[in-house]
Amino acid sequence: MRSIFILCILVISFSCKEQASPNFDWLLGNWERVNEEEGKVTYEFWKKITDKEYKGLSFTLKSNDTIFKENMQLLKIDGKWNLHVLAPKEPHPTVFKVTTMEGNSFIAENKEIEFPTKIAYKQMDTSLNAAVSNKEMKISFEFKKIE
């Protein structure tokens, strides 16, 4: 009887133990796009604000002029992660629900908009691959980490 009691306590304690929460720390740092069109350079910077918030900035330069910029934010609300993307001249961010998190990758989706309906990120060693897509089109971004 005592063995069963000890076994029950062990099972309960292990099942109640909080598991490590997946995070996006692998995304942190400064990244430069390596498959950009000639004459342009694109950067993406990510920093951790809290365990529930990461901020990103992406911009493209052409002849030292910013021709594209968007702010990104990964937010955990009520236990669920969302990617918020705010483009210039937009009053509110577009929200993508993170549907998949595996290791150093994630997929975020919003099927209510035309493009992109899916945003995917994956880190491999010192490179970062991202893609924006819908059913008809996909644009891939390959980044290398910079200091």
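Q: Does D78 count as buried or exposed?
A: This is a predicted model, in which local features need pLDDT of at least 70 and side-chain atom pairs count only at pLDDT 80 or more, while totals for chains, interfaces and linings use all residues. Residues are numbered from 1 along each chain as its sequence is written, and side-chain values use heavy atoms, with hydrogens and water left out. D78 lies in the loop between β4 and β5; helices (H or I, at least four residues) and strands (E, at least two) are DSSP runs numbered from the N terminus. Buried means under 20% relative accessible area, exposed over 50% and partly exposed in between (1.4 Å probe, protein chains only), so D78, at 76% relative accessibility, counts as exposed.

Q: In what order do the strands close into a barrel?
A: Strands of a sheet pair through backbone hydrogen bonds, either parallel or antiparallel. Two strands count as paired if DSSP finds at least two bridges between them. Here 10 strands close into a barrel with antiparallel pairing, in the order β1-β2-β3-β4-β5-β6-β7-β8-β9-β10.

Q: Which residue in β10 is the bridge partner of E32?
A: Strand β1 (residues 29-33) runs antiparallel to β10, and four bridges join the two. The partner of E32 in β10 is K144.

Q: What is the volume of the largest pocket?
A: On a 1 Å grid over the protein atoms alone, a pocket is an open set of points where a 1.4 Å probe fits, with protein on both sides within 12 Å along at least five of seven lines. Grid points are joined across faces, edges and corners, and the volume is the space filled by probe spheres set on them. For the largest pocket this comes to about 630 Å³.

Q: Which residues lie closest to the centre of the largest pocket?
A: Lining residues have an atom within 4 Å of a pocket point. Of the 29 residues that line this pocket, the closest to its centre are F68, E70, P116, V132 and F141.

Q: What is the omega of the peptide bond from F115 to P116?
A: P116 is in the loop between β7 and β8. The bond from F115 to P116 is cis, with omega near -15 degrees.

Q: What type of aromatic pair do F24 and Y54 form?
A: Rings of Phe, Tyr and Trp (its six-membered ring) pair if their centres lie within 6.5 Å; planes under 30 degrees apart count as stacked, over 60 as edge-to-face and the rest as tilted. By this rule there are 12 aromatic pairs. The ring centres of F24 and Y54 are 5.7 Å apart and the planes stand at 75 degrees, so the pair is edge-to-face.

Q: How many residues apart are W26 and F106?
A: W26 and F106 form a tilted aromatic pair, 6.2 Å centre to centre with 50 degrees between the planes. W26 is in the loop between α1 and β1 and F106 is in strand β7 (residues 105-109), so that the pair links parts of the chain that are apart by 80 residues.
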